[in-house]
Amino acid sequence: MSRVLVSLGSNVDRETNLPEALRALQQHPELTVVDTSCIFESPSVGGDYPPFYNAAVILETELGPDILKAALRGIEAGLGRIRTDDKNSPRQIDLDVVLFDDIEDSEIGIPDPNLSEYSYIAVPAAEVAGDWTVPGRNKTVAEIAKQSLPPSLRKVPMAEQDLNLSSDDAFEEYGPSDETFNPRFEALVREQLEILGEDPDREGVVRTPFRVAKSLAFLTGGYTQSLKEVINNAIFESPDSEMVMLKDIEFYSMCEHHMLPFFGRAHVAYIPDGKVIGVSKLARIVDVFARRMQIQERLSNQVADALMECLSPRGVGVVMEAAHLCMLMRGVQKQNSEMITSALRGSFREDARTRSEFMNLVGHELR
Ligand code: ZN
């Protein structure tokens, strides 16, 4: 099985073509989509053309590079793409193999030379393949994304994507309608619908148990991940002793009392003592603990303790700000919709100056 990074781009009917291309990848019998980036918007290069939607996916496949490329051309053609000599002309869809295992072969263009040149490839790629060391470059995709040329990309918020979907779930897995994911769980959801007063055989909800099972498996994926596997050797020796901080890490979790989402931003900082960790890993660590049934206080503590455990730093500070749907939707504490929690360890707890430096960076008063 090979692991492949594929980039997607569209600036003709992009609201339709990008999700359609993703769906075609998901439905292709020889391809398994294992991860999908957010959608980014980039201006077009070399011409006064409409801006693009860009994304990246990780695929697993038994196909070799040539046959895979042919399969991608087939999907492009299916969406009406005609390849022309004008490299910059608008296109319905562009599907390019960027990385293919550790293959380095300039004849077939793998790794895609554009990866190092254009942020519209590197930035979405870094979301799903940040740790992937690019063959022949001795750099990770995340490092390349950081150095990639402008234009800078805009992450398109879900609410703005305005995707025209022929069905309302293009970003969910599709399959034949008798496909099951977790039969026991799906039976429970079906019963739940019934108890709530729904007709579980109604067309709109008949596949809901399947979708709920899949989406909950993703949203609680933290249960099956270990810290060690997430960190995956991304800890490096370093003499630095300045505060390292990653702000505004978007996270989504589920409150364990109501099984309703809470979501917001995490700010994570530490002061190294000989060891540092790749910055993207801070976000991954937040995700491992967020993707479970949680309470926000414990989530903050677990993130702080995880960093203490794997880096033995001088100190760790974690602040999380989140909105809880169980409060908002049920009308409790509407006026106080953001909950803020913090977890301080080591020098962040003991040294008032460190603590206030951190809180200033976060942009909060000391609590
Ligand atoms: Zn709750």
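## Basis of the model

Because the model is predicted, local features need pLDDT of at least 70 and side-chain atom pairs count only at pLDDT 80 or more, whereas totals for chains, interfaces and linings use all residues. Residues are numbered from 1 along each chain as its sequence is written, and side-chain values use heavy atoms, with hydrogens and water left out.

## The zinc site

The zinc ion is coordinated by the SG atom of C255, the ND1 atom of H258 and the SG atom of C326, at 2.1 to 2.3 Å. Donors here are N, O and S atoms within 2.8 Å of the metal (3.2 Å for Na, K and Ca), and since water is not among the atoms, sites may look incomplete. Along the sequence the donor residues follow the spacing C-x2-H-x67-C. H258 lies in the loop between strand 10 (244-255) and strand 11 (261-271), while C326 belongs to helix 12 (residues 325-328), so the pair ties together parts that are 68 residues apart in sequence. Helices (H or I, at least four residues) and strands (E, at least two) are DSSP runs, numbered from the N terminus.

H258 is partly exposed, with a relative accessible area of 35%, whereas C326 is buried, at 6%. In these terms buried means under 20% relative accessible area, exposed means over 50%, and partly exposed lies in between (1.4 Å probe, protein chains only).

An open sheet with mixed pairing is formed by 5 strands in the order 13-10-11-14-15, and its edge strands, strand 13 (293-294) and strand 15 (338-346), each pair on one side only. Two strands are taken to pair if DSSP finds at least two bridges between them. Within this sheet, strand 11 and strand 14 are antiparallel and pair over 10 bridges; A269 stands opposite G317 in strand 14.

Helix 10 (residues 279-290) lies across strand 10, strand 11, strand 13 and strand 14, and runs at about 20 degrees to strand 10. Helix 11 also packs on the sheet, where it touches strand 10, strand 11, strand 13, strand 14 and strand 15, and its direction makes about 25 degrees with that of strand 15. Contact means heavy atoms within 4.5 Å, and the axes are lines fitted to C-alpha atoms, for helices over the stretch in contact, with angles from 0 to 180 degrees between N-to-C directions.

## Strand 4 and its partners

Of the 10 residues of strand 4 (residues 52-61), 9 are buried, so this strand is largely enclosed by the rest of the structure. Strand 1 (residues 2-10) runs antiparallel to strand 4 and is joined to it by 9 bridges, with R3 having E60 as its bridge partner.

Strand 2 (residues 31-36) pairs with strand 4 in the antiparallel sense over 5 bridges, and there the bridge partner of L31 is T61. Strand 3 (residues 40-42) is likewise antiparallel to strand 4, over 3 bridges, and E41 stands opposite Y53.

## Backbone features in loops

Most residues other than glycine have a negative phi, and most peptide bonds are trans. A cis peptide bond, however, joins I110 and P111, with omega about -5 degrees; P111 is found in the loop between strand 5 (94-100) and helix 3 (114-117).

N138, which is not a glycine, has a positive phi of about 60 degrees and is found in the loop between strand 6 (133-134) and strand 7 (139-140); N138 is exposed, with a relative accessible area of 70%. S312, also not a glycine, has a positive phi of about 40 degrees, lies in the loop between helix 11 (296-311) and strand 14 (315-324), and is partly exposed, at 41% relative accessible area.
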